[in-house]
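My entries follow the display.

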Amino acid sequence: MKSLVVYSSQTGNTKKLADAVFETLTGEKEIHLIKDAPAPDEFDLVAVGFWTMAGKPDPKSSEYLEKIGEKSLFLFATHGAAKESDHAKNAMNHAKNLAPKAKIVGMYNCQGEVNPAVLEKVRAKPEPPVWLTDAPDAVTHPDKSDIDKLKRLVSASGLE
Ligand SMILES: Cc1cc2nc3c(=O)[nH]c(=O)nc-3n(C[C@H](O)[C@H](O)[C@H](O)COP(=O)(O)O)c2cc1C
């Protein structure tokens, strides 16, 4: 099986997850930042990692997801929102809907520390977004436990 890990990451949170997925996969594999990613065509499994922006996958990831077609797809995401929040779940659903023909083999949500400068700007908005209240808890994430859990999920999904 040939696997491709593709991710977008501005401040490194999603990269940590991408590295963990890549490390856990066995067989032929490649990992790329989304801007340098090859087309998904020649791979059996594609794992796409995005950071959440305005309640959706970041724009580069969204664009890539639209190219996935009928592949097996593992999705992973980071966000300031709590991982069990509707906000985080909706963003993941949004990602799934961008690749409607894909066979979803696993999904993983994880909080990711929000850049303090961004937080400050968001706090100053007249109507701060719902995820802002969860953001202080994101500060230490992804942590070792998040990474271990992701690795276990990849293993359990039979993707190795
Ligand atoms: C411009 C911008 C918009 C964001 N919008 C959201 C959002 O809508 N919901 C959310 O939960 N987190 C949001 N975040 C937080 C990031 O998704 C989160 O910190 C993520 O872990 C960053 O990943 P990275 O380190 O891989 O870039 C936003 C961050 C930025 C910079």
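Is E28 buried or exposed? I looked this up at the start, keeping in mind that I am reading a predicted model, and I found E28 exposed, because its relative accessibility is 52% and the cut-off for exposed is over 50%.

Entry on E28 and K2. I noted that the side chains of E28 and K2 meet in a salt bridge, with 3.8 Å from N to O. E28 belongs to strand β2 (residues 28-33) and K2 to strand β1 (residues 2-7), so this pair ties together parts that are 26 residues apart in sequence. I then looked up K2, which counts as buried at 18% relative accessibility, since the limit for buried is under 20%. I also wrote down that K2, E28 and E42 are linked in a network of salt bridges.

Entry on K15 and D19. Here I found a salt bridge between the side chains of K15 and D19, at 2.8 Å from N to O. Both residues lie in helix α1 (residues 13-24), where they are four residues apart, about one turn of the helix. I recorded K15 as partly exposed, with a relative accessible area of 35%, and D19 as partly exposed too, with 30%.

Entry on K89 and E84. The side chains of K89 and E84 meet in a salt bridge at 3.9 Å from N to O. For this pair I noted that K89 is partly exposed at 38% relative accessibility, whereas E84 counts as exposed at 58%.

Conventions:
Residues numbered from 1 in each chain as written. Predicted model: local features only at pLDDT ≥ 70, side-chain atom pairs only at ≥ 80, totals over all residues. Heavy atoms only, no water. Salt bridge = Lys/Arg side-chain N within 4 Å of Asp/Glu carboxyl O. Helix = DSSP H or I, 4+ residues; strand = E, 2+ residues; numbered from the N terminus. Buried < 20%, exposed > 50% of the residue type's maximum accessible area, 1.4 Å probe, protein only.
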